[in-house]
Amino acid sequence: MGEPNNALAVYMNRPDRIRSVLEYYIGEKLPQDWQCVEAKGFYTVRNARGKLSFRQRDFIGNASMCGVSFKLALENQDSVNLTYPWRLMELDCLAYGKGIEEVQERNVLSREKYGKGDDFKYRYKKENRIEPILHLTLYWGKEKWRKPLTLKEMMTDIMALPERMAGLVGDYRVNLISMRAIPESDLQKMDSDLKYVLGFMKHTGSRKRYEKYIRENQDFFSRIPRSAVDVIDACTNIKDLRESLRYTLNEESGEEEGDMCKALDDIQRHAEKKGEKRGNQRTNKLIQLLLAEGRQEDLLRSATDRVFQQQLFRKYHI
């Protein structure tokens, strides 16, 4: 993963934020018995040459609701990936393979007896089951992700084949949420700070717009978590605002927080001082030039006539 994806993975590794995207996707509140605990999403693989490498999920958890247990997998994407359906399928295949291995290990350790219909060769009984993986991809980029969203959309066209032959091709589908496209009305229903992070992204057309949004939501932005700042910066590039932030540890949440409202005030004061200093430098240079040319009357007039002073600035290219 690159730096933006790292920031997104850290930010979305919190239960309330995960709940927000799930409730948006299914269009209703999760039940009271909803649970999700992060699991290991790190897999080692060996290529054809025998070289080891690894694959890592952004998030995978052991989840349950309505009396059903399953794996919940979340992936973050900050740009369109033309091989993504295959890459997602590969991650799920690795997770299913791990699930099968765990079943096999349990059967061996418990010295299971294998009967008719069981698979002694692979240490697998007919009643053994692996947990399904419910996967959801969160797309944070600006460009609209049209294709590919299925494995078939990566393939050459086979429409000329007989229908039953074309049906032999397997497929794999990406369940995608375009985060920036979530309507404002749905953001307001969220019970996490995700609504403010995405709300900020909707107001980045101009500095004036996002400054206004920060001021209107100062209760959150005066104590914004550092993980949220990292996501906003990765997706919108707020370099000067980020560099002006100072963080303090919130002992209750265990996360560092910053005050964006104060950072905006500091940036504005700095700009005013810089503008004042530059204005003084321009005025001093104009005074020197007018005195050198013996134009005392114009010097006195420029002190009170702003229009005339600006004309002189342009004339002397100050």
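Author: A contact, in what follows, means that heavy atoms lie within 4.5 Å, and the model in which such contacts are found is a predicted one.

Reader: Which residues does S192 touch, apart from those up to four places away in sequence?

Author: With neighbours up to four places away in sequence left out, S192 touches D16, R17 and S20, so each of these residues meets the limit of 4.5 Å between heavy atoms. S192 itself sits in the loop that runs between α5 (184–187) and α6 (194–201).

Reader: Why does S192 count as buried?

Author: The word applies to a residue under 20% relative accessible area, and S192 has a relative accessibility of 5%, so it counts as buried.

Reader: What makes M201 buried, and which residues does it touch?

Author: The value for M201 is a relative accessible area of 6%, which again falls under the limit of 20%, so M201 is called buried. M201 belongs to helix α6, and, when residues up to four places away in sequence are not counted, it touches W140, R180, V231, C235 and T236. As for a residue that M201 can be set against in space, G167 is 34 residues away in sequence and 42 Å away, taken from C-alpha to C-alpha.

Reader: Is E163 buried or exposed, and how do you know?

Author: Exposed is the word for a residue over 50% relative accessible area; E163 has 71%, so it is exposed. This residue lies in helix α4 (residues 163–166), and between E163 and S206, which are 43 residues apart in sequence, the C-alpha to C-alpha distance is 52 Å.

Reader: Why is strand β6 described as largely enclosed by the rest of the structure?

Author: Strand β6 covers residues 133–139, and six of its seven residues are buried, so the strand is largely enclosed by the rest of the structure.

Reader: In what order do the strands of the open sheet stand, and which are at its edges?

Author: The open sheet has three strands, in the order β8-β10-β9, with antiparallel pairing. β8 (224–225) and β9 (247–250) stand at the edges, because each has a single partner strand and one side of each is left without a neighbour in the sheet.

Reader: How does the radius of gyration of the protein chain stand against that of a compact globule, and what does the chain span along its principal axes?

Author: For 318 residues, a compact globule would have a radius of gyration near 20 Å, but the protein chain has 30 Å. Along its principal axes, the C-alpha trace spans about 110 × 55 × 40 Å.

Reader: What share of the residues counts as buried, and how many helices and strands are there?

Author: Of the 318 residues, 36% count as buried, and the chain holds 13 helices and ten strands.

Definitions and conventions
Residues numbered from 1 in each chain as written. Predicted model: local features only at pLDDT ≥ 70, side-chain atom pairs only at ≥ 80, totals over all residues. Heavy atoms only, no water. Helix = DSSP H or I, 4+ residues; strand = E, 2+ residues; numbered from the N terminus. Rg over C-alpha atoms; globule rule 2.2 N^0.38 Å. Buried < 20%, exposed > 50% of the residue type's maximum accessible area, 1.4 Å probe, protein only. Pairing = 2+ DSSP bridges.
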